[in-house]
Structures are given as structure tokens and as C-alpha cells.
Amino acid sequence: MNKNGLIAYLALSFGLSWLMGILYPLLGGKWNTPAALAVATAYMFMPMIAAIVAQKLVMRENLKEPLAIRFKLNRWFAVAWLLPPVIAGATFGVSLLLPGVEFAPEMEGFLARLQETMTPEQYAQMQEQMKTIPIAPIYVMILQALIAAITVNAVAGFGEELGWRGFLYKEWKHLGFRRLSLLTGATWGIWHAPLILQGHNYPHFPVAGVFMMIIFCILWAPLFTLVRMKSGSVIAASILHGSINASIGISIVYVKGGNELLIGGTGLAGFIVLVGANALVWVFRHKLIVPMQGN
């Protein structure tokens with residue numbers, strides 16, 4: 001572990017991101033607007049910038065091999081791509097078991113949530129577009145999610161993953177699978193705080209949402225570590241990140257009731273599914289988790 005490089009990375013990734021996240025509302029910016037989307041997208045690339053600066057300027061080392069920027073495909077790229085839609089589907093099922101949550105075949109709960117984030121004109125246009133779709137909207141959403149996961153979302157995911165599963169993985173892998181995952185997940189979750197406090201993911205519960213996001217990141221972190229380790233590539237981790245962001249909405253399309261603390265991938269239902277996924281990793285740990293040095 002290079003102490004100076006690690007301090008530089010953490011200071012830059014948090015400093016650049018949090019400065020942007022704090023200045024935006026202070027300058028009058030509102031969430032759920034095109035400007036907010038631009039800020040959130042730029043926010044995702046700050047860990048990448050921090051990793052490059054720490055690796056090249058502070059540690060004076062190469063980027064490609066140490067940070068595992070490798071494009072050679074293997075089956076773990078497919079796992080990274082397809083696991084989040086499976087998790088989203090399971091989360092939908094668990095959501096229906098929670099009190100006050102119902103199956104909504106007309107998507108009324110989903111549409112109501114969308115309406116909160118759109119202008120009346122945007123919402124009306126979206127409804128008209130949905131009427132012209134010849135198949136059930138869920139199939140379109142799944143197809144769009146799968147395409148976005150390996151294209152635009154993967155690029156944005158790389159902005160974060162070069163830091164989390166590139167630089168931090170390299171610097172903390174000596175800690176072992178569990179401690180690496182826990183520490184990286186907690187760091188990743190805390191990093192989101194300025195956006196969550198503005199209403200990102202938890203618009204009705206911004207303060208509680210900060211803690212929920214930390215839990216969300218900690219629960220996903222072992223799966224990210226596993227994909228990064230088995231694939232040998234931060235690109236696979238970027239696809240996993242992109243697939244999560246693209247498919248997480250699938251879990252609430254046919255759900256009515258509850259709130260963002262209970263339903264969806266970032267709510268209790270999603271956490272229950274992720275605990276189950278982590279339990280499977282633990283049960284099969286001797287087959288899945290190999291010594292991490294050199295990966």
C-alpha cells in the first residue's frame with residue numbers, strides 16, 4: 001500500500017466530488033433538472049480523475065496494468081452484465097411481500113413516481129410514447145437496460161470504477177476479500193452523501209437516504225469485488241456498475257405503495273435480495289474467492 005497515493009486519491013475523489021455537490025445547491029441548483037443530471041454525471045468521473053492523478057503524478061506508476069484496464073472478455077463480463085437485471089427481478093418479488101405494497105399491472109405506482117420528477121409536458125409526452133409501444137413496456141425497459149449497461153452507462157460507471165475497483169482494489173487488496181469489500185463499500189457509500197442530501201434516490205428521506213446508500217454500497221461491494229477479482233478487469237466492474245444503474249428501475253415498474261426506503265433496489269427489498277446474494281458467495285467462497293495478490 002502506498003500511503004501517499006492513497007491519501008491523494010481519497011482527498012481528490014472526495015474533495016472534487018463534494019465541492020461540486022455542495023456548490024450546486026448553494027448556487028441555486030435544483031435536483032431532478034437537466035442541470036442536476038449534468039452535475040451527477042460529472043460527479044461520477046471524479047474518482048477516475050483522482051485515480052489518474054494519484055497513480056501517475058503522486059506514485060509515478062503506469063495506469064493500464066496496475067489499475068486492470070483490460071478488455072479481454074471472459075464469462076465474468078457476462079455475469080457483470082446480467083446479474084443486476086436478475087437482482088432487480090428478485091427485488092420486485094420481495095417488494096410484493098412487504099406491508100402496504102401491491103402488484104400494479106397498469107404501472108400506476110411507477111408512473112406516479114415518474115410524474116414527481118418530470119414537467120407536465122415531459123410526463124404527457126412520455127404517456128403518449130408508451131401508448132405507441134406494441135409490446136409491454138417492461139420488455140422495452142429490459143432491452144434498453146441491457147444496451148445501456150454495456151454502452152453509455154458502462155462509460156459513466158468507468159468514471160467511478162477506475163477509482164473504487166481500480167485504485168482502491170490495488171491499494172487495499174492485501175486486506176483480503178471481506179475487509180476490502182467492506183472498506184471500499186463504506187467509502188463508496190459515504191462519497192454519495194452530497195447528492196443523496198439533495199434528493200438523489202431518496203427524495204422524501206434525504207437524511208435517512210445517506211445511511212441507506214451506505215448500506216446499499218456495502219451490500220453490493222462484495223459482488224463488485226468478486227467480479228473484479230474473477231474477471232481480472234476494472235472494465236467488467238464498470239459494466240456491472242452500468243448495468244445496476246440501467247436496470248434498477250425494473251424492480252418498481254409493477255409495484256404500488258411503499259416508499260423508497262422499502263421498495264426498489266435501493267430500499268429494504270433490494271437489501272434483502274443482496275443479503276441473499278452475498279450469502280451465496282459466502283457458501284461457495286472456497287470455489288469463488290481465490291488469493292487476491294496479483295489480481
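## Basis of the model

In this predicted model, local features need pLDDT of at least 70 and side-chain atom pairs count only at pLDDT 80 or more, while totals for chains, interfaces and linings use all residues. Residues are numbered from 1 along each chain as its sequence is written, and side-chain values use heavy atoms, with hydrogens and water left out.

## The second largest pocket

The second largest pocket has a volume of about 340 Å³. Of its 16 lining residues, Phe-177, Arg-178, Pro-222, Trp-282 and Ile-289 are the closest to its centre. A pocket is an open set of points on a 1 Å grid over the protein atoms alone, where a 1.4 Å probe fits, with protein on both sides within 12 Å along at least five of seven lines; lining residues have an atom within 4 Å of a point. The volume is the space filled by probe spheres set on the points.

Helices α9 (177-191), α11 (206-231) and α13 (268-283) each supply at least two lining residues; helices are DSSP runs (H or I, at least four residues), numbered from the N terminus. Helix α9 gives the largest share, five residues.

## Two residues

Ser-95 is found in helix α4 (residues 75-95). Beyond its neighbours within four places in sequence, Ser-95 is in contact (heavy atoms within 4.5 Å) with Val-101, Val-255, Ile-263, Gly-264 and Ala-269.

Ala-279 lies in helix α13. At 37% relative accessibility, Ala-279 counts as partly exposed, a class between under 20% and over 50%.

How values were computed: Buried < 20%, exposed > 50% of the residue type's maximum accessible area, 1.4 Å probe, protein only.
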